[in-house]
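This briefing covers a helix pairing and the salt bridges of one model. Please read it alongside the sequence and the coordinates.

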Amino acid sequence: MAQSPRVLAHLRRARDLIDREYARPLDVPSMARQALMSPAHFSREFRTAYGETPYGYLMTRRIERAMALLRAGSSVTDACMAVGATSLGSFSTSFTQLVGETPSAYRARDHAASEAMPSCIAKVLTRPTRFG
């Protein structure tokens with residue numbers, strides 16, 4: 001069943017919050033408040049609209065930003081803290097699952113190709129995805 005434009009507008013408010021505030025502590029209830037929904041209803045509607053859970057989307061944004069920081073030369077610990085992760089171990093695990101290599105290996109890899117292209121193209125091509 002298609003979601004109404006009103007529901008999608010509320011979900012976009014929550015997604016915009018995640019995109020803007022990914023580095024601060026966010027939980028599903030606070031995201032749901034932004035969407036004017038109960039946490040359970042919000043989680044179901046968000047997954048239907050965007051194909052992943054709100055927390056999954058948040059982690060993808062955090063990993064995406066960490067990738068940019070690692071390409072720029074930040075240490076793994078600094079990148080982890082800068083994106084709002086609270087545990088280096090769980091950050092590394094999530095990063096490895098999403099990107100396919102450890103943060104240290106990603107940082108050590110040559111990123112000259114992505115640096116040579118326009119940033120808007122590099123962002124699309126380097127964006128992590130859970131969908132293979």
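A salt bridge is counted here when a side-chain nitrogen of Lys or Arg lies within 4 Å of a carboxyl oxygen of Asp or Glu. By that criterion, the side chains of R61 and E64 meet in a salt bridge, at 2.8 Å from N to O, in what is a predicted model.

- Leaving aside neighbours within four places in sequence, R61 is in contact with I18, D19, Y22 and R127.

**Packing of α1 against α4**
- The axes of helix α1 (residues 5–21) and helix α4 (residues 54–71) come within 9 Å and cross at roughly 30 degrees, which means that α1 is roughly parallel to α4.
- The crossing in which α1 passes α4 is right-handed.
- On the α1 side R15, I18 and D19 take part, and they meet P54, Y57, L58 and R61 of α4; by class, this contact has four nonpolar, no polar and three charged residues.

**Other salt bridges**
- Across the whole structure, a search finds four salt bridges.
- R24 pairs with E21, their closest N and O atoms being 3.8 Å apart; R24 is partly exposed at 39% relative accessible area, and E21 is partly exposed at 28% relative accessibility.
- R20, E21 and R24 are linked in a network of salt bridges.
- E101 forms a salt bridge with R109, with 2.7 Å between the closest N and O atoms; E101 is partly exposed at 21%, and R109 is partly exposed at 40%.

Notes
Residues numbered from 1 in each chain as written. Predicted model: local features only at pLDDT ≥ 70, side-chain atom pairs only at ≥ 80, totals over all residues. Heavy atoms only, no water. Axes fitted to C-alpha atoms, helices over the stretch in contact; angles between N-to-C directions. Helix = DSSP H or I, 4+ residues; strand = E, 2+ residues; numbered from the N terminus. Parallel < 35°, antiparallel > 145°, perpendicular 65-115°, else oblique. Left-handed = near helix turned anticlockwise from the far one by under 90°. Contact = heavy atoms within 4.5 Å. Nonpolar A, V, L, I, M, F, W, Y, C, P; charged D, E, K, R; others polar. Buried < 20%, exposed > 50% of the residue type's maximum accessible area, 1.4 Å probe, protein only.
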